[in-house]
Amino acid sequence: MPDRATVTAGSQARHALAGVARRLGGCAVCLAGFLIYAAALIYLAMGRNGRLSGRRTGGGRRLKVLITGRFDSRNWAASHVAPLLKAPCVGSIHAVIDGPVMEGATMHRVPIPAILRHLFGRAISRSLWTLWVARKIRPDIIMGYHFFPAGLTAVVGGRMVGAASVYQMTGGPVEIVGAGLAMKNPLLPCTTRLSDMLERLAKRISRHFDLVVVRGSKAQQYLQTQTSVGRVAIVAGSVNMSRFEAKTGPRAYDMVYVGRLEPVKQPHLFLEVVHVLKTSGRRMRAAVVGDGSLMGELKRLVEVLDLRDSVDLLGHREDVNRVLAEAKVFTLTSRSEGLSIAMAEAMAAGAVPVVADVGDLGDLVVNGVTGWLVPSTYVEGYARRIGQLLDDEPYRQRLAAAARRRAIDNNALESVIGRWNHWLSAVAPRPRGSLRPLRALTDLNSAGGASRRMMSGRAYIRWRDAMSPRLTALASRAIEAVPTRYALGYRFAAIERFLADAQNEPAWAQRLRQWEYLRELCKMAVERSPYYRRLFREAGLDPASLDEEAFRTLPCLGRQDVVEHGQDMRVAGVDERAVERVSTSGRSGMPLFFHINADRAAFEYAHLTASWSRVGYRLGMAMAVLRGKPVGRDADGMYHQYDPLLRHHYYSSFHMNDESMRRYLEHIAEIGPCFLHVYPSTVFMLARFIRRSGALVPGNIRGIVAESEIVYPQQRQMVEEVFGCRLFSCYGQSEKVVLACGCEHSDDYHVWPTYGWFELLDEHGRPVTEPGQRGEIVGTSFINTVMPFIRYRTGDYATYVADRCDKCGRPGPILRDIRGHRVQETVIAADGTEVPWTALNMHDSTFDHVRQFQFHQVVPGRAVLRVVPAAGYCQDDAARILRNLDQKLDGQLKLEIECVAQIPLSARGKSVFVDRSAMADDGQAVQSAVMPGVP
């Protein structure tokens, strides 16, 4: 019989051999993982993107989604698959899954052949079969649950067939740490260096996903800071709240645990907590729901701790909702978690969570408000918090009610469906011409397309303006045969379709898209603009991790900042053919010059037509335009020009005498159903003429769109009475930072969420949130990616109304009484026409060397243009100014230029663009005649 020393030596040898075997096994696993990850990374870096093969998902077709992974329970599957099935954008789901899957008419389970399972095992066979199914059904989206192997399969399969790849990080950052293998393979901790190398490869692979979905903010922060993933979305698992109603009577269980019985969940700590509470004198009743490799160990531990009468090991249950309805406290002792769906269900059922402070559990659990977070191995900490809740029933019920409200806000099925619908629609492959976030950014590196669009547009305008009236009339018939929507091109049509849905999306979906645009814009600005690189560095901000609170710490941009730093604000690497130089005098009379994308017209015009459609306008409907465009005489001698492409009839705002206005009205009556597109001052002149002369109002006018000036209430009332239709107004600026357009049910303004980032700030720079409070409009343009305007102070003020319209249901900020942008000051032409100052505002190089200007008029038909010269001003500038203005005025106003040192402000400290204070005529300025006391 061997002696003790021999047995000990043999045992030590076996342990040593086992250690060597573990190390060799770990190295083999890591080597296999390295080969798989390296091959995948090479394929992703060099492989052809299938989305270039002409796939089409537009035209309203719903998406085909392929999902792959391992589901542990039917309840888990319902939580994560139900919102996908119910998302409006999803047409069908094909599932290559281990575990239970929901049933449904649009859910198709694809079984894995048995021979594959025998040859390669469950995980590898599932991945191979997923790739085969992807090639067969050609899905729009491939989604993998967990990084390895399902997520890796999704990104490779997506690249292979041209589908979008989505990775669901259900377990938190531990899926990437250790390359996604360490959480399932106990051999890997012995091979630290190799697993670290694999982790770096996994991080590189993660950058290739079109979308990574996480359960909470910590996982999102990890991905954004550690992996540089482009698009990360927080989408919680869903809870059908109708199944989890808070019970009001006595509850059978003091504590409940729901989860897999695996080492990472540390279920033995739950039993130790029950033991501590029981030995303190409490009568405890607890339940453990779930199954796994540790079930046998837990049964032995129940015997050792003498908990047979205190703990029920219920195993796997399909009626988890009934168990949770009987629980007072829900406890998780996990070493690692995402955002536990079991915890969200428990909170919905009225159980107070006392859980480990790991992963994203803190997104739902707020200490002392909705539950308690405890260090994951601190048994006494769990026991103290749970004991406090069990001893104070009113306190427990108060936390339970707050926990249920928090779960409803974050995990209700309807809310999760909306988030999935938004994100899947955002990442799905799109048809050629569909809208992408900040589509202008893509043009910066390939400006040839933008240049060609700009050149073709300018060529058409030159042709239209150069043709004789008779030839234009003949050509118009051929052009009119082409539907306007097709004539405007695929880009306009794509943006138009996008806006039709975007303006009615839920507020949270609009906010998500805005933040995507804003972070992308800020990232580009910091990378390519010296001014913004310096500004963000001084503010200590990183665009990749920007949130609303941090964004508000960025200094606002004023007109003077643009004047001083305009050149540094421009981004580098832009083709000059895709850039346009614009000027505006805004509200100060001081010219401001800046650069903007030359091909912005489709984006802006789509926003405008979508706004006008609220009051009946339809693309292709005739439009009578009185907005300051210089117009020559047509074949009949009237100041009129026709654009057959847009169906726009332009009339001269510089010839508004009685005879011209009479002819305008007669011609408008012949162009069919139409809208007027006007300055408020020009349509007001037209209305006064009709009322004064008794002229007939054209019966074909369906509505009036007024822009670029304040619409005063008295004006609106008179114009609507005279024309018998709605006056619809819009607000915007030449800088293109904010666009707000009227509501079909009121005179309030809805801010467009896709046009720019909108802020309304009080005099202290704080957001205005109280209805009735006024603030300054501050905006960040999503259009201008050549010279970004980030947090630009417009100098315009508005009254805040609400964040949702009760009349039309449209979400987003609502404004009223916008003041500060161009006022209605007019000069009097020789024939008595009142020419709005707005019509004289030049958007080219006319005032390049002028600091400020003002029209001073004493008699009709003559005026002095006072200018404050800037550096470089000379006689050539004076000649150019007179020449360009005369082209607009067509001899109706004789101008002289007078250089002055400064231009005085009004008694209220405001800029005065037209000084008619000394004019000896019977007329008065429009605003003083009908709007007394208006500032």
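Here are some notes on this predicted model, point by point.

1. Ground rules. Because the model is predicted, local features need pLDDT of at least 70 and side-chain atom pairs count only at pLDDT 80 or more, while totals for chains, interfaces and linings use all residues. Residues are numbered from 1 along each chain as its sequence is written, and side-chain values use heavy atoms, with hydrogens and water left out.

2. The chain overall. You're looking at 29 helices and 33 strands; these are DSSP runs numbered from the N terminus, H or I of at least four residues for helices and E of at least two for strands. Of the 935 residues in the chain, 56% are buried (buried is under 20% relative accessible area, exposed is over 50%, partly exposed is in between, with a 1.4 Å probe and protein chains only). Take the contacts in the chain with a separation of 6 or more: 69% of them are between residues 24 or more positions apart (contact means heavy atoms within 4.5 Å).

3. The cores. The largest nonpolar core has 100 residues, and Ile-67, Phe-330 and Met-343 touch the most other members. A core here is a set of buried Ala, Val, Leu, Ile, Met, Phe, Trp, Tyr and Cys residues joined through side-chain atoms within 4.5 Å. Helix 10 (residues 341-348) gives this core its largest share, seven residues. If you click on Phe-330 and ignore its neighbours within four places in sequence, its contacts include Val-256, Val-258, Leu-324, Ala-342, Met-343 and Ala-346. There is also a second, separate core of 77 residues, with Ala-525, Met-569, Ala-606 and Met-621 among them.

4. Helices 12 and 13. Helix 12 (residues 393-411) packs on helix 13 (residues 413-427) at about 30°, with the axes 6 Å apart. Axes are lines fitted to C-alpha atoms, for helices over the stretch in contact, and angles run from 0 to 180 degrees between N-to-C directions. That makes the two helices roughly parallel (angles under 35 degrees are roughly parallel, over 145 roughly antiparallel, 65 to 115 roughly perpendicular, the rest oblique). Asp-409, Asn-410 and Asn-411 of helix 12 meet Leu-413, Ser-415, Val-416 and Arg-419 of helix 13. By class, that is two nonpolar, three polar and two charged residues (Ala, Val, Leu, Ile, Met, Phe, Trp, Tyr, Cys and Pro count as nonpolar, Asp, Glu, Lys and Arg as charged, and the others, Gly among them, as polar).

5. Helices 24 and 25. The axes of helix 24 (residues 658-668) and helix 25 (residues 680-693) come within 11 Å and cross at roughly 95°, so this pair is roughly perpendicular. Asp-658, Met-661, Arg-662 and Leu-665 of helix 24 touch Met-685, Leu-686, Phe-689, Ile-690 and Arg-692 of helix 25. This contact has six nonpolar, no polar and three charged residues.

6. Backbone spots to look at. Phe-148 and Pro-149 are joined by a cis peptide bond, with omega about 0°, and Pro-149 sits in helix 4 (residues 147-161). Lys-736, not a glycine, has a positive phi of about 60°; it is in the loop between strand 21 (727-731) and strand 22 (740-743) and is buried at 14% relative accessible area. Asp-817, also not a glycine, has a positive phi of about 55°. Asp-817 lies in strand 27 (residues 811-819) and is partly exposed, at 35% relative accessibility.
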